[in-house]
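My notes follow in the order I took them.

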Amino acid sequence: AVLAAGAIATLAEVAGDVQRAAGAAERLLELLDTQPRIQSPVPPQALPRPSQGDIALENLSFTYPGRETPALVDVDLHIQPGERVAVVGPSGAGKSTLLALLLRFYDPSQGQVTLDGYDIRTLDLEALRRVMGLVAQAPVLFSGTVAENLRYGDAEASNERLRMAAQDASALDFIDALPQGFDTPLGPGGVQLSGGQRQRLAIARALLKDPAVLLLDEATSALDAESERLVQQALDRLMVGRTSIVIAHRLATVIAADRLLVFDGGRLVAAGTHRELITTSGLYRHLVALQFGGETL
Ligand code: ATP
C-alpha cells in the first residue's frame with residue numbers, strides 16, 4: 001500500500017507497476033490530498049553518471065504523518081554496488097516503507113538516505129527515480145499496446161530493443177503468440193494476460209529502463225510451476241550488474257541473496273546469509289517456517 005501511495009508522483013514512470021487492484025485509486029487520491037508533496041531541490045546536486053548503485057541509510061527513523069509509532073527506527077545500513085539484498089520480516093515490519101524511502105516518496109523523520117554518497121534530498125527527483133527501478137508485486141498494465149506498455153521503461157526504445165528486452169524477460173514467446181504481437185492492445189477491451197505474463201512485461205519494462213538499483217516487491221501469489229520458472233529466469237537476468245533490494249517471499253530468493261536483512265517492528269534486527277541466519281536468528285527461522293512453508297531448512 002505504501003508503494004502504491006507514493007507512486008502516483010511518478011505516474012509516467014511506474015504507475016503500471018504500482019497500481020494495485022480495486023480500491024487503490026480511491027486510496028491514492030486520499031493520500032495525495034493529505035501527503036505533503038516531496039519536491040525536487042533547487043538547484044539539484046548533479047549525480048555523476050552512471051550511478052554506482054551505492055546505497056546507505058544512516059541513523060534513519062521514519063514515522064508516517066499522523067502516526068504515533070515509527071515505521072522505521074534507527075536503521076543503519078550500507079548496501080554495496082551490485083549487492084543482492086533480500087529484506088524479510090513479519091507483516092508491518094517496515095519492508096515496504098524502506099522501499100518507499102529509497103524512492104523518496106517520503107523523507108525520513110531523522111537521519112538520511114544516500115545514493116553514491118549524496119543525500120537523496122539533494123538530488124533531482126526524476127534523476128533519482130531513473131536510478132531506482134521498481135518492480136511491484138502486482139503490476140497492472142495501462143490500456144494501450146504491449147509496445148506502449150514497454151516504452152514506459154524507455155520512451156525512445158527501438159523495436160529491436162523492445163524485442164531484446166522481451167526476450168531477456170522470457171516474454172517474447174507469448175508476445176509473439178498474441179493476435180497482433182507487440183501491437184496487441186491490453187487492458188479493458190483488449191487481451192487479458194496472466195499474472196506471470198504481467199510480471200514478465202514489468203520485468204521487460206525494467207530492463208528497458210536499465211536502472212542501477214532494482215527495487216523488487218516479490219509476488220506473494222503462487223504462479224504455476226512453468227510460469228514461476230520463467231519469471232525467476234527473467235528476474236535473474238534483470239538483477240545482473242545492479243544493486244538489488246528485494247522484499248522476499250520465496251525461498252530461492254533468500255538463498256541466492258548476498259545478504260538478508262531481517263526487520264521487526266521497524267528495526268533492523270539481524271543481517272547475514274540464509275545459512276548464517278538459520279543458526280543465529282530465531283525470528284528468521286520462524287519466518288522461514290511460516291513464509292516458505294518450512295521447505296528445506
Ligand atoms: P507487509 O509485509 O504486511 O507488507 P511491511 O513490512 O511492508 O508489511 P510496512 O507496510 O512498511 O510493513 O508498514 C510498517 C508500518 O507502517 C505498519 O505499522 C503500517 O501500519 C504503517 N504504514 C504503512 N503504510 C502506511 C501509510 N501509508 N500511512 C500510515 N502508516 C502506514
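Helices (H or I, at least four residues) and strands (E, at least two) are DSSP runs, numbered from the N terminus. The model is predicted: local features need pLDDT of at least 70, side-chain atom pairs count only at pLDDT 80 or more, and totals for chains, interfaces and linings use all residues. Residues are numbered from 1 along each chain as its sequence is written.

**Entry: H9 and H10.** I looked up this helix pair first. In H9, Gly196, Gln199, Arg200, Ile203, Ala206 and Leu207 meet Ser227, Leu230, Val231, Ala234, Leu235 and Leu238 of H10. I sorted these contact residues into eight nonpolar, three polar and one charged. Here Ala, Val, Leu, Ile, Met, Phe, Trp, Tyr, Cys and Pro count as nonpolar, Asp, Glu, Lys and Arg as charged, and the others, Gly among them, as polar. H9 spans residues 195–209 and H10 residues 225–239; their axes are 10 Å apart, at an angle of about 10 degrees. That makes H9 roughly parallel to H10. Axes are lines fitted to C-alpha atoms, for helices over the stretch in contact, and angles run from 0 to 180 degrees between N-to-C directions. Angles under 35 degrees count as roughly parallel, over 145 as roughly antiparallel, 65 to 115 as roughly perpendicular and the rest as oblique.

**Entry: the sheet.** I traced an open, mixed sheet of six strands, ordered S6-S9-S10-S3-S11-S12. S6 (132–135) and S12 (267–272) are the edge strands; each has a single partner, so one side of each lacks a neighbour in the sheet. Neighbouring strands are turned by 20 degrees against each other on average, direction ignored. I call two strands paired if DSSP finds at least two bridges between them.

**Entry: S10.** Which strands run parallel to S10? S9 (residues 213–217) does, through five bridges to S10 (residues 243–247). S3 (residues 84–88) does too, through four bridges. I checked Val246 of S10: Leu216 stands opposite Val246, and Ala86 is also a bridge partner of Val246. Five of the five residues of S10 are buried, so the strand is largely enclosed by the rest of the structure. Buried means 20 or more other C-beta atoms within 10 Å of a residue's own, exposed 12 or fewer, and partly exposed in between, with C-beta atoms placed from the backbone. Thr243, Ile245 and Ile247 cover one side, Ser244 and Val246 the other.

Entry: S11 and S12 run antiparallel, joined by five bridges. Val262 has Ala270 as its bridge partner in S12. Their hairpin has two residues between the strands, and Gly265 takes a positive phi near 55 degrees. I then turned to H13 (residues 282–291), where Tyr284, Leu287 and Val288 are buried. They cover an arc of only 100 degrees around the axis, which puts them on the same side of H13. The arc is that of the directions from the helix axis to the C-beta atoms. Their cover includes S3, S11 (259–264), S12 and H12 (274–280). Exposed Gly282, His286, Ala289 and Leu290 sit on the face turned away.

**Entry: backbone checks.** I found a cis peptide bond from Val42 to Pro43, omega near -10 degrees. Asp210, in the loop between H9 and S9, has a positive phi near 55 degrees.

Note on methods
Contact = placed C-beta atoms within 7 Å.
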